Amino acid sequence: MSNERPALAELGLGAGKQARLHRILFDHGAGNGTAMFLPYDQGLEHGPRDFFANPAASSPRYVIDLALEGGFNGVVLQIGLAEKFYWEYAGEIPLVLKLNGKTEIPSDASALSPLNATVEEAVRLGADAVGYTLYVGTPAQEADFEQYRKVRADAARLGMPLIVWAYPRGSAIEAKGGKDSFYAVDYAARTASELGADVVKLNFPHPEKNLEVPGAYTGDFTSQQAIDAVVRSANRSLVLISGGSKAGDDAMLEKARESMEAGATGLIFGRNVWQREHDESLRFASALRTILEKHPSQSRAR
Amino acid sequence: MSNERPALAELGLGAGKQARLHRILFDHGAGNGTAMFLPYDQGLEHGPRDFFANPAASSPRYVIDLALEGGFNGVVLQIGLAEKFYWEYAGEIPLVLKLNGKTEIPSDASALSPLNATVEEAVRLGADAVGYTLYVGTPAQEADFEQYRKVRADAARLGMPLIVWAYPRGSAIEAKGGKDSFYAVDYAARTASELGADVVKLNFPHPEKNLEVPGAYTGDFTSQQAIDAVVRSANRSLVLISGGSKAGDDAMLEKARESMEAGATGLIFGRNVWQREHDESLRFASALRTILEKHPSQSRAR
Amino acid sequence: MSNERPALAELGLGAGKQARLHRILFDHGAGNGTAMFLPYDQGLEHGPRDFFANPAASSPRYVIDLALEGGFNGVVLQIGLAEKFYWEYAGEIPLVLKLNGKTEIPSDASALSPLNATVEEAVRLGADAVGYTLYVGTPAQEADFEQYRKVRADAARLGMPLIVWAYPRGSAIEAKGGKDSFYAVDYAARTASELGADVVKLNFPHPEKNLEVPGAYTGDFTSQQAIDAVVRSANRSLVLISGGSKAGDDAMLEKARESMEAGATGLIFGRNVWQREHDESLRFASALRTILEKHPSQSRAR
Amino acid sequence: MSNERPALAELGLGAGKQARLHRILFDHGAGNGTAMFLPYDQGLEHGPRDFFANPAASSPRYVIDLALEGGFNGVVLQIGLAEKFYWEYAGEIPLVLKLNGKTEIPSDASALSPLNATVEEAVRLGADAVGYTLYVGTPAQEADFEQYRKVRADAARLGMPLIVWAYPRGSAIEAKGGKDSFYAVDYAARTASELGADVVKLNFPHPEKNLEVPGAYTGDFTSQQAIDAVVRSANRSLVLISGGSKAGDDAMLEKARESMEAGATGLIFGRNVWQREHDESLRFASALRTILEKHPSQSRAR
Amino acid sequence: MSNERPALAELGLGAGKQARLHRILFDHGAGNGTAMFLPYDQGLEHGPRDFFANPAASSPRYVIDLALEGGFNGVVLQIGLAEKFYWEYAGEIPLVLKLNGKTEIPSDASALSPLNATVEEAVRLGADAVGYTLYVGTPAQEADFEQYRKVRADAARLGMPLIVWAYPRGSAIEAKGGKDSFYAVDYAARTASELGADVVKLNFPHPEKNLEVPGAYTGDFTSQQAIDAVVRSANRSLVLISGGSKAGDDAMLEKARESMEAGATGLIFGRNVWQREHDESLRFASALRTILEKHPSQSRAR
């Protein structure tokens, strides 16, 4: 069962969040209410090793230019790159300021992504959304929720759309089937929605990874059934599906199609885009946009 | 002598102000770096008498629709109308939130326009600029500058472009040649610039009104010479020329042409637009846009 | 009697004020502990009429370039011009941010110069000093002292040198011999010193204007005697002598010589410099610097 | 592949950061956009044992005098020495106030460098930059990033350049190849850049230390290739290469040459300078400056 | 090598710290720039067991009277005794308010001395200095430095001299040669100096305790060489040598002589004084003062 895609005006957002999401969804990319984001915080999350496949991608200018040429709806940056590079592109492409982030060096067993910037700084930079990584299920859940709550309240006060990277993570979820299971992703979707995400970024669920997951998730689900359920769990939090590490094109495009079919609003593919050679990146971005063009939604209420 | 029109990136603005101005100047209206705003705060400033010429204009929806249909770069509202009406149009047309305003009922001898909303409220509403009326030369200058300073600092902190309605007003300027003289308008332009306006809204100067003005302004200036000087006095504060009360079309369009020739960035015409019948309003707006199309400027530095 | 010129290290300043004054006094201009500032806030204080004598001077870039070419120790700007123009010259020439200022349109009878910027903004802009106009003797003295006190405390907290424009002004001093008398200027010097100015900007005293002044000032003083006394009244507040409105060169240079002879630290000449044609401005600046070169002072304690 | 060295004006810094960096980079040392800093916080970090090689270096006055004589671009001090000693040299040589620091006595397994001073104190002292040690990859990452974020925000608010000592440290990086590997240093460079360092201080990378590092870093890299990549990872954060503990002169100078060739902005050598006898220190500083003189960069945008 | 003893005015202190230290150093005790303090916080640090040797010393009045009779330069109290007893002696003898302190009951492995009073309370009580125990090298270093930083900033803001009890303590220093080694005391002296102590209280170093200390400290040092180095490490932080637990008189007086010879400013002997019978205490105090009289220093700069 695929899900209804609500109009932007029907999400209970205030004018500011709506204005900013309208710009992202209708003034850029396919311009039809869908979105395709280019995330570029892997230099922090994984380190520069992610740039070895295409050294040009080490340059923020190269990547922002790619987002412009490739018709993306926005680019995702940490505060440092946003301050040093976005001024040259201010207003040309929406900025999503990622507010937290960490290196992969210490253990992820009690993962928590510390805050590196504030919603007010995002406003000052002219960003159209902020991003926050919530490590769903982490043993550090209390500190994570506490930190998140303040970000959510600031985003509400300043009319700034809040995109939650809802990532199952930590020793506890590893003991319950791992971070990619249908169970884990579905739970992450719902958690973000329950806690007030305007948009939620999710990994594609793997219903076949069902060892040690709760009984309800041990059934024989197709990936379409799984993604349908996940988007339903997110309800009025718009869903973005993450590309993750670089994979085969056909598999990626099929995941993208199933996600949009399920009612997702869009895609957020980074390494799958900029770890290729320049023109190859644009060809792949174009293939993604072709999919988005088939799934328009409305801005105003019907 | 006409003035050079600087690129948006060369004005010393931070990324946020630049992003918001870029949206106004390049994503709406003529899209060439010029702007045509539809101001709609006369219901407070003059009272509903301004709507008697075209009663339909009493409706904020009518006027915002007009701004959309007429291809304006933004609509200017006080907080009440912004809260009640902008959510239906959020993101479709830029909002300029006018932060201060007053009725015309008490005397203007010591004019001061009190604050009715904050920059933070403008951010929350998704506005792309804020407006502030500075009554240049008012005997209440100390209170006005003090109030303005806080607005300017908030606008800087939140990356919000600040449009200053620089209006000579009060008993002192009346005793020195009146509020429309070349002297008064030129001084107002410079005052806004010295005090940090990103954009300054000015009335067209009248060099022929030169009784009681300082000696330098008693010469025989053409209106083109006067507007050239005024735009020069504003230097890196972008200039918008105000329409003022409704006047003959040819005179208005000639003022518009001379202003753009002088290096102004655009026009802010309200009553001259919406005090007409609907289609007539659109025809006039179209004539204005035709002028703007001839005066493009750049976004990025050259 | 001429006065001893103290070393910078002997003024009881903290490290920050000392570091910033050292840069102004020893890294720019004559580099010998003297200073020659180019003030450029007349566009606000008097309006653009001051630029009619040399229209090029309406451009802040022209004037800052002049300060660089003319070997000035700093340029004085209001917040608006500082934000829009100083970034292009950041670090090349010291910035003095003038914190208060007003138009000349309303009456000066109870003069008060409202605050347009803060010491913290001066720090953020990289300024090396701040300026504050104290209208000595104004009937609005209470509000003026109160406003000044906060600026002084902020300047102390942030190690920012505070230059006080100590200007006798208002109806009361007009009734006691006028703002230019030896009495008025001497009292202004002492007031700034008593209230904590690090540097005080003064007009040259006119001992011959001695009608209605207190008895002590009715004697037959030479201008050298008067300026000697004024500098002595300022004691450890370094003295800058103001040029005022444009006057004959010989008279101006003679005033400059007498001031330096009296122990002043330097000069702050604006209209006398930039109301001339470009090369003529540089020639005059060079004549001023020749005088300064004869009056070195030390940085370190003896 | 060596990297382009951007002009100071092209880094997206505000006026204050630019003014202060301009002073450091163009008014001191080689004066050509490069920098050579003399760090002097080892008395805290390692204890007085570092002074046994040259007991004179125990005296802050000796070391600051050495920085002046040796033509360094700045001296790095903790708050205590800055307060007790910098006033004698205020303005003569730029001060970098190191804001955090710790003794080496407790274990470094979960290293965190506590804050000993604030950005506001640096402003009050007249410092031209602040320093912060970020222990990249430490298990105490959350507390470190949190503490750093506030310093970064204060530095932005006050226009103070932020130099990040980006040091891989702690048990996790020890388990992944150690703190000096190409992987560790490259990741540290990128982390500082993603988190908004204006300048990043790095140790020279050791590509040959490639046991247990991620696959991408196990290749056969020359030291030039490694330092090239590291400077590229830092993109618009200017790079300073650290001297570390005293080593052979030829090796040190070769590292310096390779660093500058790779696009670094300068060097920060402490023990290699002041652990020598006085004249020998000056000879070594002179050799470093000769290298810097060959790698000029611009201040204004091209 | 003995060290130069700087004049009070050459330490970079502000007027308030200087005025209060001047009272302590020149209006009390030997009155020649030296100091001899009577510390009396052992009732908290060790408990009343310290009073069993001389039960009269259990009474704060007895001890303060002893300080007066013995010609001490000040008495050191915790907040409780200060509030209940100092009012009777206010102004007769300088008060040093010890701001932190703890019982010896819990383990010292991760020692941290909690704050029991504030600098503002010290001002309110009329104290002439405050004391803070910094446990150098404690595993709780981060919390200790953080707590200390606020005390230091308050002391700066209020012009209150800050005496740091710089005590190596905790499991880490125990594993590196123990808290009394030359290495530990030397590092503690330097740490206090780097972190802004105005005065540092140190134990006499034991160069013979050199097992497990860093290589530089394993040499064959006399106690005079060690104390010379320690005072040098403290540079412009005035040094007070602590008596520690009661020991033989000749040994104590020899330590005192060597300390003053090394450039220390004075002594802080508690149990060695008041654990004796009354007249014996006075005789010992007199012997100490005789030593201090031979080591005068200046107040004003030379």
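Colleague: Is C:Ser299 buried or exposed?

Modeller: The model is predicted, with local features requiring pLDDT of at least 70 and side-chain atom pairs pLDDT 80 or more, while totals for chains, interfaces and linings use all residues. Residues are numbered from 1 along each chain as its sequence is written, chains are lettered from A and ligands numbered from 1 in the order in which they are written, and side-chain values use heavy atoms, without hydrogens or water. Buried means under 20% relative accessible area, exposed over 50%, and partly exposed in between, with a 1.4 Å probe and protein chains only. C:Ser299 has a relative accessible area of 12% and is therefore buried.

Colleague: Where does C:Ser299 lie, and with which residues is C:Ser299 in contact?

Modeller: Helices (H or I, at least four residues) and strands (E, at least two) are DSSP runs, numbered from the N terminus. C:Ser299 belongs to the segment after α12 of chain C. Contact means heavy atoms within 4.5 Å. Neighbours within four places in sequence aside, C:Ser299 touches C:Ala7, C:Leu8, C:Ala9, C:His22 and C:Phe26, as well as D:Glu92.

Colleague: Which class of accessibility applies to C:Tyr148, and which to B:Ala287?

Modeller: C:Tyr148, in helix α6 (residues 141-157) of chain C, counts as buried because its relative accessibility is 3%. B:Ala287 is placed in helix α12 (residues 278-292) of chain B; at a relative accessible area of 25%, B:Ala287 is partly exposed.

Colleague: How should the length of a helix be read, and what span should helix α10 of chain C have?

Modeller: The expected span of a helix is 1.5 Å times one less than its number of residues. Helix α10 (residues 249-261) of chain C has 13 residues and should span 18 Å; the end C-alpha atoms of α10(C) are 18 Å apart, so the two values agree. Its buried residues are C:Met252, C:Leu253, C:Ala256, C:Glu258, C:Ser259 and C:Met260. Among the elements of chain C that cover these residues are α9 (223-234), β7 (238-242), β8 (266-268), α11 (271-274) and α12 (278-292). After α10(C) comes C:Gly263, with a positive phi near 105°.

Colleague: How many residues of helix α1 of chain D are buried?

Modeller: In α1(D), 12 of the 12 residues are buried, so this helix is largely enclosed by the rest of the structure. The buried residues include D:Ala15, D:Lys17, D:Arg20, D:His22 and D:Phe26. Helix α1 (residues 15-26) of chain D reaches 15 Å from its first C-alpha to its last, close to the expected 16 Å.

Colleague: How is the packing of two helices described, and at what angle do α8 and α9 of chain D cross?

Modeller: Two packed helices are described by the angle between their axes and the distance between the axes. Axes are lines fitted to C-alpha atoms, for helices over the stretch in contact, and angles run from 0 to 180 degrees between N-to-C directions. The axes of α8 (residues 182-194) and α9 (residues 223-234) of chain D come within 7 Å and cross at roughly 20°. Angles under 35 degrees count as roughly parallel, over 145 as roughly antiparallel, 65 to 115 as roughly perpendicular and the rest as oblique. The helices α8(D) and α9(D) are therefore roughly parallel to each other. In this contact, residues of α8(D) including D:Phe182, D:Val185 and D:Arg190 meet residues of α9(D) including D:Ala226, D:Val230 and D:Ser233.

Colleague: What is the phi of A:Glu212, and what is that of E:Glu212?

Modeller: Most residues other than glycine have a negative phi. A:Glu212 has a positive phi, near 70°, and lies in the loop between β6 (199-202) and α9 (223-234) of chain A. At 61% relative accessibility, A:Glu212 counts as exposed. E:Glu212 has a positive phi of about 70°, and E:Glu212 is also exposed, at 61% relative accessibility.

Colleague: How far apart are the nearest C-alpha atoms of chains A and C, and of chains B and E?

Modeller: Chains A and C do not touch, and their nearest C-alpha atoms are 14 Å apart. Chains B and E do not touch either, with their nearest C-alpha atoms 27 Å apart.
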